[in-house]
Amino acid sequence: MKLAFITGITGQDGSYLAELLIEKGYKVYGIVRRTSLLYSYSRLDHIRDKIHLEYGDMSDGSSLTNYITSIINNNDNFEVFEIYNLAAQSHVQISFEIPEYTSLIDGIGTLKLLESIRTFKKDIQDKIRFYQAGTSEMYGAVLETPQKETTPFNPQSPYACAKVYSHFLVKNYREGYGMFTCNGILFNHESPRRGANFVTMKIVNGVKKIVEQEKENINDYILTLGNIDSKRDWGHSKDYVYGMWLMLQQDKPDDYVLATGHTYSVREFIEKSFSMKGFEIEWNGEGINEVGIDKRTQRILVKIDEKYFRPCEVDLLLGDATKAETDLGWERKYDLDKLIVDMFD
Ligand code: NAP
Ligand code: GDD
């Protein structure tokens with residue numbers, strides 16, 4: 001019997017990972033917060049009867065330990081127990097507004113999980129494998145391009161600092177206690193289940209709204225964004241959760257970058273998204289006065305608001321996933337165009 005416990009199961013990646021593990025025959029457990037939004041649960045509606053959910057929170061260490069212990073006690077003779085730590089306050093800009101909370105959940109939360117695994121006897125511990133949801137944000141103001149496993153970290157936000165802390169804890173527990181712990185270093189990945197306040201989903205929803213409004217002869221909506229010149233390496237969440245699973249199937253634990261090896265600016269993402277719906281965008285003006293105009297009607301469709309600028313920005317992310325491709329046999333099914341089409345559909 002294979003067991004899996006996913007923190008962050010109500011999130012974008014958690015929901016896809018749960019689907020994958022069910023398909024592979026795992027018994028899947030997860031925690032949900034008392035305060036989880038209804039829309040998060042809706043990501044799990046279609047598999048709700050196939051997973052086991054309990055209330056829990058990354059700030060509450062004893063509940064995590066109790067839950068992990070009860071999963072182990074209720075499943076005698078399990079073959080392997082995979083723990084995927086995906087829970088996080090995952091929004092970079094919001095981490096500047098709630099830095100303490102972000103550090104508690106994204107940093108100390110990881111410590112609580114690792115410590116609870118460490119309390120088990122060696123025979124049980126040897127059957128537990130741990131995945132940590134690390135991020136390309138840890139590279140921050142990048143010191144090398146493309147970024148790979150050996151590239152030094154240079155984090156630029158409380159979110160990224162907390163994730164760096166978790167990354168090194170995971171390495172410490174692997175090296176110090178011989179635990180099977182892996183760090184994924186995942187570049188941006190999106191999907192139709194992406195949260196609405198991340199830039200790709202905000203753009204896709206904005207374009208959809210403009211298309212809908214045109215049908216009704218209304219034209220008061222303008223898509224309002226921050227820095228549109230940063231560049232990201234965007235993949236699809238489905239491809240990335242498969243990579244997480246592969247990391248835990250290896251003989252030895254290690255750290256791996258997952259990325260597409262292509263980078264695009266937010267501006268290019270906007271242009272591509274509008275063009276898929278028949279709009280050609282022309283840019284006028286500079287800085288916060290820049291606007292994106294519909295070439296056909298000369299109507300303003302995009303504008304800039306500095307409230308979306310961050311105190312520190314990550315200008316360029318571009319990953320090199322050679323190690324994951326070579327050692328794990330990881331492959332992607334989606335490129336950027338296919339991803340955007342999926343998000344629209
Ligand atoms: P997401 O959609 O924001 O999901 C975050 C999950 O964490 C949700 O299930 C959320 O629960 C849960 N959570 C938040 N605070 C919690 C707390 N205090 N206790 C328990 N659960 C809590 O994020 P995602 O895009 O799926 O990303 C998954 C993980 O990968 C995150 O750790 C993220 O930092 C990391 N990551 C993401 C990317 C990316 O591009 N997507 C790239 C690299 C790394 P609610 O539903 O209750 O809010
Ligand atoms: N969210 C958002 N909203 N971002 C905007 C906006 C806006 O209105 N306008 C411009 N941007 C820019 C941001 O400044 C950033 O440079 C880029 O769009 C991407 O922002 P997000 O989509 O919020 O993602 P992120 O790159 O900051 O973080 C995501 O990827 C990380 C992996 O690199 C998150 O999923 C993190 O959790 C993840 O670790």
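Buried means under 20% relative accessible area, exposed means over 50%, and partly exposed covers what lies in between, using a 1.4 Å probe and protein chains only. By that scale Glu175 is exposed, because its relative accessible area is 55%. Keep those words in mind as we walk through the structure.

This is a predicted model, in which local features need pLDDT of at least 70, side-chain atom pairs count only at pLDDT 80 or more, and totals for chains, interfaces and linings use all residues. Residues are numbered from 1 along each chain as its sequence is written, chains are lettered from A and ligands numbered from 1 in the order in which they are written, and side-chain values use heavy atoms, with hydrogens and water left out.

**The sheet and its helices**

Helices (H or I, at least four residues) and strands (E, at least two) are DSSP runs numbered from the N terminus, and two strands pair if DSSP finds at least two bridges between them.

Strands S4 (residues 80-85) and S5 (residues 128-135) run parallel and are joined by five bridges. Phe81 has Ile128 in S5 as its bridge partner. Contact means heavy atoms within 4.5 Å.

Ile108 is found in helix H5 and is partly exposed, with a relative accessible area of 31%. Together with Leu104 and Tyr165, Ile108 makes a nonpolar surface patch of about 230 Å². Patches are made of residues with over 30% relative accessible area and no salt bridge; like charges are joined within 9 Å, and nonpolar side chains (Val, Leu, Ile, Met, Phe, Trp, Tyr) within 5 Å. Accessible areas come from the Shrake-Rupley method with a 1.4 Å probe, and for residues only the protein chains shown count as cover. The C-alpha atoms of Glu175 and Glu212 are separated by 55 Å, and the two are 37 residues apart along the chain.

**Salt bridges**

The structure holds 18 salt bridges, each a side-chain nitrogen of Lys or Arg within 4 Å of a carboxyl oxygen of Asp or Glu. Here are some of them:

| Pair | N to O distance |
|---|---|
| Glu313 and Arg232 | 3.4 Å |
| Lys323 and Asp254 | 3.2 Å |
| Arg332 and Glu325 | 3.1 Å |

Glu313 sits in the loop between S15 (300-304) and H11 (322-328), and Arg232 in S9 (residues 231-232), so their pair ties together parts that are 81 residues apart in sequence. Arg232 is buried at 7% relative accessible area, while Glu313 is partly exposed at 24%. Lys323 is in helix H11 and Asp254 in the loop between H9 (237-247) and S11, and this pair links parts 69 residues apart. Arg332 is partly exposed, with a relative accessible area of 29%, and Glu325 is partly exposed at 33%. Salt bridges that share partners join Glu137, Arg232 and Glu313 into one network.

Arg232 also turns up among the contacts of Asn188, which include Ser136 and Trp234 when neighbours within four places in sequence are left aside. Asn188 is found in the loop between S6 and S7 (189-190) and is buried, with a relative accessible area of 19%.

**Backbone details**

Most residues other than glycine have a negative phi, and most peptide bonds are trans. Asn77 has a positive phi of about 60° although it is not a glycine. Asn77 is found in the loop between H3 (61-73) and S4, and is exposed at 71% relative accessible area. Gln298 has a positive phi too, near 65°, and lies in the loop between S14 (291-294) and S15. A cis peptide bond joins Thr145 and Pro146, with omega about -5°; Pro146 is in the loop between S5 and H7.
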